[in-house]
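Hi everyone, thanks for coming.

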Amino acid sequence: MHILITGASGFIARNLVVYLVDQIPDVKVTLLTRKLKRTAALYSKIRSSSLKRALQQCRVLVIDHLAENILAPDVVINLAGAPIVTPQSFSLSNNELYNSRIKYTKELCNTLKDLKKFPKVFMNASAMGIYGSPGTECDENSVSLGGDYIANLALDWESSVYEGAKLVPSRIVLLRFGNVLGSGSGFIKNSVPVIRKGLGEISGSEKQFIPWIGIEDTVRAIHHCIINSSIKGPVNICTPNKYTYHDYCNIVSEIVGKKQWFKCPRFLVTFVKGKIAPCFLNSLIMVPKKLEETGFKFKDVELETLLPRFVKNKPNRS
C-alpha cells in the first residue's frame, strides 16, 4: 500500500507515519511538504526503530513536489492547513487560512488528476468547527453547517474536496477532528502554560463542551477509515465521552498543582481573537457515530487517565 501524506511536518502526520510503519509491514509512505530539509530533519529525529528502518529502506520518502515518476498512491491523506489556534493566530490573515486549505486542496486534486495519479481513497482534514449549532449534539448526519467564519472556512474546505475530486471514482473521507491531545499537540501547548499561571478558564464556560481525542486513538481512527471501505463522507474524529472546558482545566490544574484564580471574560476573548473566537467560546457536543457504527474501539475515553501522560508538573525551583 502506498500512502501520500501532506502537511507532513504537523503533529498528527508525524504520529500517523510512525503508526503506519509499525502496523503495515509493506507500507510505502510519501510525505509531501514545502519545507523539504526541515521535514526530513524532523523525521530523522523521531525515536522509532520501525521508522528508522523504513527511512533507510526508502519506504518513507520526503518530497517537495509531485512529478510523473511518483508511485501512484492508493491513499492520499491531506493534512495540510495553517493552524488556526496559536498564540499568534490573531495575526493570521483570511488569505493565509483560506489558501493553506481550500486553494492548496484544489491544487493538489488538480495535480493528481493531471498526473493520472488520483487515489482509490482521498482523505481530507476538516474540523469540528464546521457545525453551525453550538450547544447541540452533532453527528455526521447533522445538516446545520456553517454560519460563523470558522464554520464557513471548514465548509468551504470540505466543498473543495468534492469539487477537486469531481468525476474521479475515489472514496472521499472527511476527517472532522476534535481537539487532538498528546505530547506536543497544539491544544496542550496552547492551554497548559496558561493554566500553569492560574489563568485557564473563560468566564461563563463551565458548560462549554469540548470534543477531544487522544493522539493514539486519532491515528488508529484514520487507519480504521482507510481499511473500512464502507466509510465515506464526513467522520467525526472524537471520543464519545463528554467533558467541558471547566473539567479539562480542573484536571490539568490538579496535575500541575495550580489553582485557577482568574477567568478571562468572554468579551475579551472576542476582542483579542476576533474571527477565531468561536474556537474558544462555542460549546459543541460532537458524536463519533460512524466510528462507533463501524466497530471502532477507543482506548482513551477519560481525561483523568489520558492527561497525566502528556502534562507533567514542573517542580518548584529553590
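Let me begin with what I mean by a pocket: on a 1 Å grid over the protein atoms alone, a pocket is an open set of points with protein on both sides within 12 Å along at least five of seven lines, whereas a cavity is a set where a 1.4 Å probe fits but cannot get out; lining residues have an atom within 4 Å of a point. Points are joined across faces, edges and corners, and a volume is the space filled by probe spheres set on them.

Please keep in mind that this is a predicted model, where local features need pLDDT of at least 70, side-chain atom pairs count only at pLDDT 80 or more, and totals for chains, interfaces and linings use all residues. Residues are numbered from 1 along each chain as its sequence is written, and side-chain values use heavy atoms, with hydrogens and water left out.

The second largest pocket has a volume of about 310 Å³. Its lining has 16 residues, with F11, N15, I215, E216 and F310 nearest the centre. Two elements, α1 (11–23) and α7 (215–227), each give two or more residues to that lining, and α1 gives the most, with five. Helices here are DSSP runs of H or I with at least four residues, strands are runs of E with at least two, and both are numbered from the N terminus.

Now to α7 itself. The helix has 13 residues and reaches 19 Å from first C-alpha to last, close to the 18 Å expected at 1.5 Å a residue, the expected span being 1.5 Å times one less than the number of residues. Is it enclosed or open? With 11 of its 13 residues buried, α7 is largely enclosed by the rest of the structure; buried means under 20% relative accessible area, exposed over 50%, and partly exposed in between (1.4 Å probe, protein chains only). Among the buried ones are D217, R220 and H223.

On confidence, pLDDT runs from 0 to 100 for each residue. The chain mean is 88, and 91% of residues reach 70 or more. α7 is highest at 98, and α10 (residues 278–281) is lowest at a mean of 68. Where pLDDT is low, predicted coordinates should not be read in detail.

Finally, the loops. C58, between α3 (49–56) and β3 (60–63), has a positive phi of about 60° without being a glycine. K116, between α4 (94–114) and β5 (121–127), has a positive phi of about 55°, and K116 is exposed, at 72% relative accessible area.

Terms used: pLDDT = per-residue confidence, 0-100.
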